[in-house]
Amino acid sequence: MSRRATLDAAIKLGLTADEYAHICEIQGGEPTYVELAIYSLMWSEHCSYKHSRPVLSRFPTSGPRILQGPGENAGIIDVGDGWAVAMKVESHNHPSAVEPFQGAATGVGGIVRDIFTMGARPCVSMDSLRFGELTEPRQRFLLDGVVGGIAHYGNCLGIPTIGGEIYFEPSYEGNCLVNAMSAGMIRSDGIVRAIASGVGNHVVLIGSKTGRDGIGGASVLASQEFDETLEEKRPSVQVGDPFTEKKLIEACLELIHRKLVVSMQDLGAAGLTSSSSEMSSKGFVGLDIHADRVPLREADMEPWEIMISESQERMLAIVTDEQIADVREVCERWDLDCTVIGAVTDSKMLRIWWHGERVANIPARRLADESPVIRTPSVKPDYIVDEPVAVDDTGYPPPKDLGAALTQLLAAPNIASKRWAWEQYDYIVQANTVQIPGSDAAVLRIKDTDRGIAFSNDCNGRHCYLDPYRGAKAAVAEAARNLACAGALPVAVTDCLNFGNPEKGEIYWQFEQAVEGIAEACEALDTPVVSGNVSFYNESFGQAIYPTPMIGMLGVYDDVSLHIDGAFKGEGDVIVLLGAEAAWMDGSEYQKIAYGKVEGRVPDVDLKLEVEMQHKLRAAIEARLLRSAHDCAEGGLAVALAECCIASGSTGGAQFEDPEAQRSGRDGRWLGADVDLGSAASVAGAAGRPDLALFGEAPTRVIVTVAPELLGPLDEVLGGLPQRVLGRVTGSNLRCTMEGKELFTVEVGELHSAYESLPQRLA
Amino acid sequence: MRSAPVRFGVVVFPGSNCDADSYHAVSTFPGASAQYLWHKDTDLKDVQAVILPGGFSYGDYLRCGAIARFSPIMQSVIDFAESGGLVMGICNGFQTLVEAGLLPGGLIRNTGLKFVCRYVNLRVETTDTPFTGACEKGELLRIVVKHNEGNYTVDADTLSSMKANDQIVLRYVDAAGEQAEGANPNGALDDIAGVCNEARNVFGMMPHPENSVEAGLAGGTDGRKLFQSIIDAVLRTAEVRS
């Protein structure tokens, strides 16, 4: 008879007394130690979403294009011609904070497995990262390690990493964020789900051997806050082997395409425990797992260790007896272990065996369905204010040199070019990359079709801190706007909701508000949430991160050749500002950099205007009227204009019509601009100040350029949308005036030097 | 009469990840066809040119290409090369050719100590190879590099004999076509991006021409000339023989 586990053991594993009592009720008495270990993991925050499930039900999750919504390894969206895209984002924050290189690497490995588990070939990765300020040596170490880990794993797999975002705020100092997003292409009739079926079918473990690495890794690390024991947690971080994963991708996709497996599931957090219990509960069947048959790295492992090990690069497949020989042949060809470790039964029980002895016997459905649900009473935090800041000359003295203020903003780590990071990623492998990193969106073509797909990810944590509802809503609007700027139609969202400790009322309030903001924006923009991840307990020493609901969005093209980017293209083109004429100090990068403050209330997105603007912007791009389009985000209008100038001489080159420019990519030969901002008085929120009109932030603003002769037709397409001609693309300086009065003139080369200055901060 | 398509073989090692791109690149030429050559096989399937693709063969946990060089298919590739067959190694393929002793020199870690994925300008230093025959001498090609170990090095004596034999095929240069600070992404000796053997039938380069064969993609089309050169060279040889 197996050892029985007491309440004391349950508490040590992080369960509550109530949860232990519930387990005893389900099990009809005290559970065995293995059973308790399984419950503790499956009912951990990371695996059970106990604090978030009731709130997440607010999301729109279906639509005509949605083939698979939340609840599987990844969401799947129909993108036309029989093609579909599987996408998901997942956090690997805690492992990365402990060991940045391997933490980030295995984050990529895990999310990629989620994609190919469903039968999709992973075609793009993007990573959304948050760190403390770069002035701290440890933050530079974390950044270097995380980016290096992503590059190491993703490059080896041959999956292009085409973008992402990196921000630095003090709130992430003790708890960096690493949100890894991946997507893959799949034929819409070839989807495989993680549902066990067919009594008597084999349960097969494919891939790496199982060791003690990562015992309680992601699942335990992600379910508690950090304190001084951070260093001791290092052994909980798994070590990745991208070479084995690359072989797994090829072998598993072959197994799926040849229909040699009934279903498949990857082993992620909580390892064999979560994969086997999920597969059996979804299939309404039982599974017998013989833990003693699992190939091990260390001979003396206990059954509970085998069941919860988070060794990487492992897959679980359900295979019929007729096909097992073929499955073995494929795995052998790829030099992968392939071991039958159990069978599908009609018992509806998850039974774990150890040399013939039954060490666990759990009703699979109840393990899955009866995990606890907790709603913390939410409390609006005291720091939240209802009014914007008063921008007066004492609290916010206007700068003397606006040109210098601009270069200072361009050099700010949150705005400066992240070329240092993305040049470490292979962004061109697989021969589908249309738009390389450094732009509003990543764009890929779909081979053998005219179609394309685009991805963006966005979240301004500072805005979400000041108002989680407005900030989260704005993150969705911005992700969609970035796709619209590239000419793509946004169709679906995957989200990674990073928050502090949900047992605290203030954190729970932030969470509820953010979910509401996302839900409203997704409804307005018609972009259902198809997959995602919640990461709680992002706190160190009781200090929570900024609420950071990262939005990853998919866009589609019927004709990918329509895509445009933000770079100014030609002398004489007319620069037009589309959308809202507004600019706010509150939560802006300018407020932080120039005044060292984070305060006020961020503006609310007008979703009606946003939808109209994006619709018309896309219509103009589809009519081939625009030569460039770029979103105004951090740093406001002036930074956006500067970025368009800088991009004109710093891009890949393939997008230029002029063959000479195409050949050289216009390296270092930038286009400037001459713009007049009109009157600061007409800009909402700018309080009559030129500096705010330049650097203040507001949603729903896009800068486009158009050849002068096409201004008329553009007007017709835009019909009634707020817009204003700012000036022209000309020369090699950025010159800004206001009602004819010069504000500044700066050489684009100088702007470029500031914008590319991130490496100097890392030295 | 139209000639039969030139047959390319693309070797697949476990961990190769530009094999499909190389195959695809060849397929964009009406005058060429591609097939995969599996690392455990020894049969080159009667191909007329072999591509060793980029990637991380066997994980590259040891020196890059050091394991791939011992795979069964490589013995056949070595025999093929020694009998005059055309072999092109791209990135990890270049590293493997160097490990196999088919090309001189070695490829060590980038001086920046980081993986680098970047557009570079390549100057065609010689057109007297089956891989650059369709180019003009001094022509610039804009192609992407992506590697961690692309820093070409070779001893001084070998370098001078390589120069004397016109074996330096491609160099990293700036947009004006000059060797310059900042144009070399990895610290390679003498800005060397690609070399051939003395017999001129084996060629290795670090940049990835297979990602520069289609208009409308970020990689541009400058890689086409290298593939076209191979096709032309094979067809010329076939004509001479017939």
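What pLDDT does chain A average? Chain A averages 93, and 94% of its residues score at least 70; pLDDT is the predictor's confidence in each residue, from 0 to 100. This is a predicted model, in which local features need pLDDT of at least 70 and side-chain atom pairs count only at pLDDT 80 or more, while totals for chains, interfaces and linings use all residues. Residues are numbered from 1 along each chain as its sequence is written, and chains are lettered from A and ligands numbered from 1 in the order in which they are written.

**Confidence and domains**
- Residues 653-657 of chain A have a pLDDT below 50, and beyond near neighbours in sequence this stretch has 17 contacts in the model (contact: C-beta atoms, placed from the backbone, within 7 Å).
- Where pLDDT is low, the predicted coordinates should not be read in detail.
- Chain A is divided into domain 1 (192-373) and domain 2 (392-426 + 564-763), with bounds from an automatic or database domain assignment.
- The C-alpha centres of these two domains of chain A lie 50 Å apart.

**Where the chains meet**
- On chain B, 26 residues are in contact with 33 residues of chain A.
- Helix H1 (19-27), strand E6 (116-124) and strand E7 (140-147) of chain B each supply at least two residues of the side that touches chain A; helices (H or I, at least four residues) and strands (E, at least two) are DSSP runs, numbered from the N terminus.
- E6(B) gives the most to that side, with 4 residues.

**An open sheet in chain A**
- Six strands of chain A form an open sheet in the order E1-E2-E3-E6-E4-E5, with mixed pairing (strands pair if DSSP finds at least two bridges between them).
- Strand E1 (66-68) and strand E5 (161-168) of chain A stand at the edges with a single partner strand each, so one side of each is left without a neighbour in the sheet.
- E1(A) runs antiparallel to strand E2 (residues 75-80) of chain A, joined by 2 bridges, and Gln68(A) stands opposite Ile76(A) in E2(A).

**A buried strand, E21(A)**
- Strand E21 (residues 548-557) of chain A has 10 of its 10 residues buried, so it is largely enclosed by the rest of the structure (buried: 20 or more other C-beta atoms, placed from the backbone, within 10 Å of the residue's own).
- Strand E16 (residues 452-458) of chain A runs antiparallel to E21(A) through 7 bridges, and Ile453(A) has Val556(A) as its bridge partner.
- Strand E17 (residues 489-498) of chain A is also antiparallel to E21(A), with 9 bridges; Ala492(A) is partnered by Leu554(A).

Terms used. Two residues are in contact if their C-beta atoms, placed from the backbone, lie within 7 Å. A residue is buried if 20 or more other C-beta atoms lie within 10 Å of its own, exposed if 12 or fewer, and partly exposed in between; C-beta atoms are placed from the backbone.
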